[in-house]
Amino acid sequence: MRELTIAAGSLPAWVRTLAGAHVPAGEAVLTWFEPDLDAQLRYASGLVLLTDRQVVSLEWSGSRANGKSGGPPRTVKQWPIDHDSEFKCKDQAGVGRLELVRQGEVLASWRYTMARAAGAHRLADRWEAEVRGEKVAPEETKAAETANIECPVCGTPSPVGSSTCASCGASLSKKAVWSLFRLFGVARKYFWMTLLGFVLTLAGTASGLIPPYLTMPLMDDYLVPYQGGHAIDPDMVKWYLVGLAGAAVLAWVLTWGQMYVLAWVSERVAADLRTMTYQHLQKLSLEYFGRKRTGDLISRVSSDTDRICYFLSVYVLDFATDVLMLVMTVAILVSIDWELAMVTLLPLPLISFLVFRVQGRLARGFSSGNRAWAELTNVLADTIPGIRVVKAFAQEDREVERFHRSNERVLHTNDRINRVWAYFSAVVVLLTELGVLVVWIVGVYRVFHHSVTVGVLTSFVAYISRFYTRLDSMSRIASATQRAAASAQRVFGILDRVPKVVEASNPIPAKNLEGSITLQDVGFRFGTRPVLRGINLSIRAGEMIGLAGQSGAGKTTLINLVCRFYDVTEGAILVDGADIRQYSLGEYRRRVGLVLQEPFLFYGTVAENIAYGRPNASRTEIIAAARAARAHEFILRLPGGYDSLVGERGQFLSGGERQRISIARALLVDPRILILDEATSSVDTETEREIQVALSNLIKGRTTIAIAHRLSTLQRADRLVVMEHGEIVEVGPHQELLDRGGVYARLYQAQFETPHGTAEDPEEEDDDDLAGAPAAAIKDK
């Protein structure tokens with residue numbers, strides 16, 4: 001068998017086999033790619049091998065047969081390449097195309113779904129690096145690709161050696177407990193109260209050790225002699241009893257004080273942690289929230305911080321008390337009788353070994369439990385806001401079953417934890433009981449041989465009972481510690497996430513914007529998928545621009561960039577001649593008004609929702625904004641007028657009413673730049689006319705960018721910008737674009753042409769009219 005040269009590390013075995021059969025000897029295989037669609041966008045199997053001299057393409061018949069199954073390829077094609085060749089990736093609307101181009105001529109192309117996009121971009125980038133003469137690090141071997149570690153926070157697999165999870169940003173260190181030490185940074189401002197709690201703990205623990213020490217002379221000097229017929233001083237017995245009672249009262253007072261102080265500190269640490277987490281969430285970009293489930297985030301902010309609070313207020317206090325009690329008890333035992341003390345400590349190494357062995361299993365169990373709880377919360381976060389849809393499709397039983405499955409996962413996870421914990425706890429109890437028994441055996445033997453007195457043995461047993469009780473308590477803290485550590489990792493997984501959209505170091509004030517916008521060679525990618533490329537556009541202050549194009553053309557992405565919900569990956573967006581990344585983020589967004597297709601209203605009154613962007617607005621200003629938005633009349637018909645509750649997400653209002661409140665909300669902040677994203681697409685014709693009047697009041701004197709699939713709503717725009725596949729293909733007024741007969745004209749004709757070939761009146765256009773439109777138009781709609 002001829003030798004195969006691999007330039008980029010090891011290949012999967014099945015790829016190596018095919019490369020050995022179809023790549024000539026002496027050629028270096030740079031990388032490979034698996035397309036999964038054919039030219040008709042049907043699922044198919046293929047393999048593209050890139051060498052330093054050519055491209056080899058293998059195709060199999062059907063979507064099930066491929067090189068992994070050992071079947072021979074149906075076709076094998078080869079194209080020689082050189083430094084004049086290039087690969088281009090074009091990703092759009094869930095489907096991508098990889099093209100081999102030489103001097104403007106497309107020699108070959110392969111289609112793929114987004115699941116294979118990374119491989120296509122890897123091939124293109126690898127060839128580009130080869131052309132530039134760059135040294136590229138070898139690709140990971142198959143073993144390395146399949147060796148993953150699971151994130152303790154979100155469960156996402158990550159390659160071995162990764163320090164943080166690519167999905168949630170959490171640390172992948174196995175030492176999850178170390179995340180608890182980061183809480184000291186949060187508790188730093190409560191240092192003096194924490195110190196007071198520690199002093200009270202020290203004093204309370206010491207006072208708890210007084211009674212056994214007083215018991216020793218009470219037994220040896222008074223009770224045992226009295227029982228043997230010797231005279232004793234009754235007053236001294238009374239003083240010893242008073243001392244025992246005083247020690248008990250003192251221990252109670254100090255314990256109450258330490259519990260209150262440390263609970264006070266822990267509640268404030270947990271509250272600060274919740275605030276920090278929520279505040280940091282507000283700084284993260286939309287990209288982060290797009291990858292997260294609402295229920296998971298709610299679980300982290302609420303349940304996980306509450307679990308940390310309970311750990312700090314109860315278990316940290318117990319742990320500190322236990323450690324102090326153990327150290328002081330050992331010191332007293334050694335001072336009384338060091339030989340008997342050594343016997344007392346015999347079970348300690350074995351218990352420590354058990355704690356060390358079980359903590360890893362507990363940590364993994366609690367991480368799984370937290371994810372199961374988050375999934376349960378996700379079900380609630382999905383179904384409660386969407387209860388109308390659930391009932392409309394009669395899916396109550398299905399959602400109950402879905403909740404039941406999630407609840408069962410929580411139950412099974414907890415069962416696994418409880419099995420480990422029950423066994424561990426029982427073993428610890430057994431060892432402590434055996435330890436006490438050994439002390440009794442050795443102590444009785446020494447009493448018989450007059451090595452120790454009965455008082456010493458009695459105090460020893462009292463101390464040893466305290467010792468083993470605290471030791472058992474410390475072993476139980478291992479479970480709570482791992483549970484709290486898993487929660488801390490989930491919380492710090494949010495806090496460690498770096499915002500993609502960041503504040504400028506020396507921001508420019510944005511209070512007096514005029515609203516001119518310039519897009520210079522703007523490009524944007526979602527991960528490896530390019531969404532926008534080469535966007536150049538100038539918008540005058542006060543001009544209205546309409547964005548048109550099929551779904552997936554990049555219109556919404558473009559306005560998200562203008563709003564700076566995301567930052568461009570290429571080029572720049574200038575407002576009044578300055579890059580928007582140089583403006584203060586908060587000030588800039590306050591100068592931008594946004595009216596969405598699905599307006600979001602918060603639970604509260606109508607007035608509170610209108611004044612959301614300006615909470616200090618007067619009632620007169622709120623009413624004026626509502627009048628301009630054509631909302632005043634229907635608001636007055638509500639039971640409480642402007643003080644009427646709108647319900648969760650505005651459910652007590654119709655779609656048109658919610659939209660007009662949204663417009664009033666935008667009017668009240670008086671933005672210089674206005675974004676309208678399908679503001680009238682989900683309402684009837686009569687309501688649309690009302691909203692159009694409101695929008696006319698809103699856009700006066702403001703730079704406006706409007707998106708609408710109903711092209712009739714864009715005819716009043718000064719210019720229309722037509723987008724296709726993430727690029728601007730046409731710019732001009734409505735009639736001019738119709739006369740050109742280009743993309744816009746085709747969209748307009750598909751939308752307004754009747755089955756008989758005559759154009760309808762755009763003002764009467766409605767969604768029902770699509771019944772007679774071509775199938776392609778219905779699909780695009």
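Me: How many bridges join strand E11 to strand E14?
Reply: The model is predicted, so local features need pLDDT of at least 70 and side-chain atom pairs count only at pLDDT 80 or more, while totals for chains, interfaces and linings use all residues. Residues are numbered from 1 along each chain as its sequence is written, and side-chain values use heavy atoms, with hydrogens and water left out. Helices (H or I, at least four residues) and strands (E, at least two) are DSSP runs numbered from the N terminus, and two strands pair if DSSP finds at least two bridges between them. E11 covers residues 517-526 and E14 covers residues 570-575; they run antiparallel, and the number of bridges is 5.

Me: Which residue of E14 is the bridge partner of Gly-523?
Reply: Gln-520 stands opposite Ala-572 in E14. For Gly-523, the bridge partner in E14 is Glu-570.

Me: Which residue in the hairpin of E14 and E15 takes a positive phi?
Reply: E14 is joined to E15 (residues 578-579) by 2 bridges, and the two run antiparallel. Leu-574 stands opposite Asp-579 in E15. The hairpin has 2 residues between the strands, and the one with a positive phi, near 55°, is Asp-576.

Me: What is the strand order of the open sheet formed by 4 strands, and which are its edge strands?
Reply: The pairing in this sheet is antiparallel, and the order is E12-E11-E14-E15. Two strands pair on one side only, which makes the edge strands E12 (529-539) and E15.

Me: What angle does the direction of H16 make with that of E11?
Reply: H16 packs on this sheet, where it touches E11, E12 and E14; contact means heavy atoms within 4.5 Å. Axes are lines fitted to C-alpha atoms, for helices over the stretch in contact, and angles run from 0 to 180 degrees between N-to-C directions. The angle between H16 and E11 is about 115°.

Me: What is the strand order of the open sheet formed by 6 strands?
Reply: The pairing here is mixed. Strand E13 (residues 544-548) and strand E19 (residues 719-724) pair in the parallel sense over 4 bridges, and in E19 the bridge partner of Ile-545 is Arg-719. The order is E16-E17-E18-E13-E19-E20.

Me: What angle does the direction of H16 make with that of E18?
Reply: Helix H16 (residues 555-562) packs on the sheet and touches E13, E17 (673-677), E18 (703-707) and E19. Its direction makes an angle with that of E18 of about 150°.

Me: Is Arg-564 buried or exposed?
Reply: Arg-564 lies in the loop between H16 and E14, and its phi is near 60°, a positive value in a residue other than glycine. Buried means under 20% relative accessible area, exposed over 50%, and partly exposed in between (1.4 Å probe, protein chains only). At 2% relative accessibility, Arg-564 therefore counts as buried.

Me: Which accessibility class does His-725 fall in?
Reply: His-725 is found in the loop between E19 and E20. It is not a glycine, yet His-725 has a positive phi of about 55°. Its relative accessibility is 48%, so His-725 counts as partly exposed.

Me: Which residues of H21 make the contact with H19?
Reply: On H19 the contact is made by Glu-621, Ile-622, Ala-625, Ala-626 and Ala-628. On H21 the residues are Ala-664, Leu-667 and Leu-668.

Me: Which residues does Val-261 touch, not counting residues up to four places away in sequence?
Reply: Val-261 is in helix H8 (residues 234-283), and is buried with a relative accessible area of 7%. The residues touched are Met-193, Leu-196, Gly-197 and Leu-200.
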